Each structure stands twice: as structure tokens, then as C-alpha cells.
Amino acid sequence: VLLHPDESVTGAIRCVFERFAEFGSVRRVWLWLRSECMSFPAQYTHGQAIRWGAPTYTAIHNILTSPVYAGAYVFGRFRSRRTVRPDGSVRTVTLKLPRTEWAVCIHDHHEGYIDWDTFLANESRLAANRTNAGARPPREGAALCQGIVFCGCCGRSMSTRYAGAHPYYECA
């Protein structure tokens, strides 16, 4: 496994990691790349020209979460499961496995853009940003208690809403 020989490709990927270290958010990296009108390698097939395009949020997220960019060879990160529904249709569900269940994980297998410790730190930072998984980072706005106010009836965290410039908290 080698880094791409085209310096513009490796530069674009390195830029993602540099901006994530600076901003700490996939969305902020994506918005910065778009504001700078940077092209991004969108598709490459061996022996064909690289197709460049506008960076997508998913592409940025995939770069930051893939261990191959940290120089690791992994196999078995995902598992597929097929189920047959009562109407006879087949549904395939892909599950992301925890690192302890990966079949193969070889660190320092090849040259990477970042080291393994940086990958783990990025992974933790991404997990802390996921508000749908229970993380409650402070967001923009004038509400001082966002993320730390819980409902007295059900115990769940309360959402912050605004009526004009005035914040209030509500249980969803």
C-alpha cells in the first residue's frame, strides 16, 4: 500500500487531517473546503485520470474514520446480516463492529497520513461531537444551560429552543 504518487491528491487528504486538527468537526472541515473552492479527488480507477469535484461531507467523514489513512491494515470492521421479512422481501443490514471484534488489525502496516494515536484521538473527538448518541457539546446561541438541563419528569436531556432571541428549554 502506497500513498498516491500525485502530490495534489495527497495534499488534499493531508489538508483534511490538518483542518480537522484545527477545527475539530467534520462539518467545519467540509464548510472550509467549500469556502476555499477546493477540488477534491472524487473518483480514481487505476490507469485512468483522476476525477476532481466538490468535497462531500461523506467523503470527509470517511477519510477521518478509515484506519487505512493511519497506516493500518484492517479486515472485518463491518458485518452484514440478511433477514427475510414476512412479505418475503430480503433485507440486508450492515453493522459496524467494535474494534475488539475486527478479524484483522495490523498497525504500522504501511505509510499513513497520520499515526495510530492521532487516529484514536480523532475517533474520540468525532464521538464527542455526535449529539444523537448522547454527547451534549455546547452549541451556538445565548442559552447558558444547553446540554446540562434534564427533564424533571422523564429524566432525559432537554432541547434548547429560541423564541426570537430568547432561549427556552423543552422536553421532546
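In which strand is E170 found? E170 lies in strand β8, residues 166–170. The structure is a predicted model, in which local features need pLDDT of at least 70 and side-chain atom pairs count only at pLDDT 80 or more, while totals for chains, interfaces and linings use all residues. Residues are numbered from 1 along each chain as its sequence is written, and side-chain values use heavy atoms, with hydrogens and water left out.

With a relative accessibility of 28%, E170 counts as partly exposed (between buried, under 20% relative accessible area, and exposed, over 50%, with a 1.4 Å probe and protein chains only). Leaving aside residues up to four places away in sequence, E170 touches M158, S159 and R161 (contact means heavy atoms within 4.5 Å). The side chains of E170 and R161 make a polar contact at 2.7 Å (a pair of N or O atoms within 3.5 Å; within protein, one must be able to donate a hydrogen and the other to accept it, and residues adjacent in sequence count only if both atoms are side-chain atoms).

Helix α1 (residues 7–23) packs against helix α3 (residues 57–65) at an angle of about 80 degrees, with the axes 10 Å apart (axes are lines fitted to C-alpha atoms, for helices over the stretch in contact, and angles run from 0 to 180 degrees between N-to-C directions; helices are DSSP runs of H or I, at least four residues, and strands runs of E, at least two, numbered from the N terminus). From α1, the contact involves I13, V16, F17 and F20; from α3, I60, I63 and L64. V16 also touches V29, L33 and F40.
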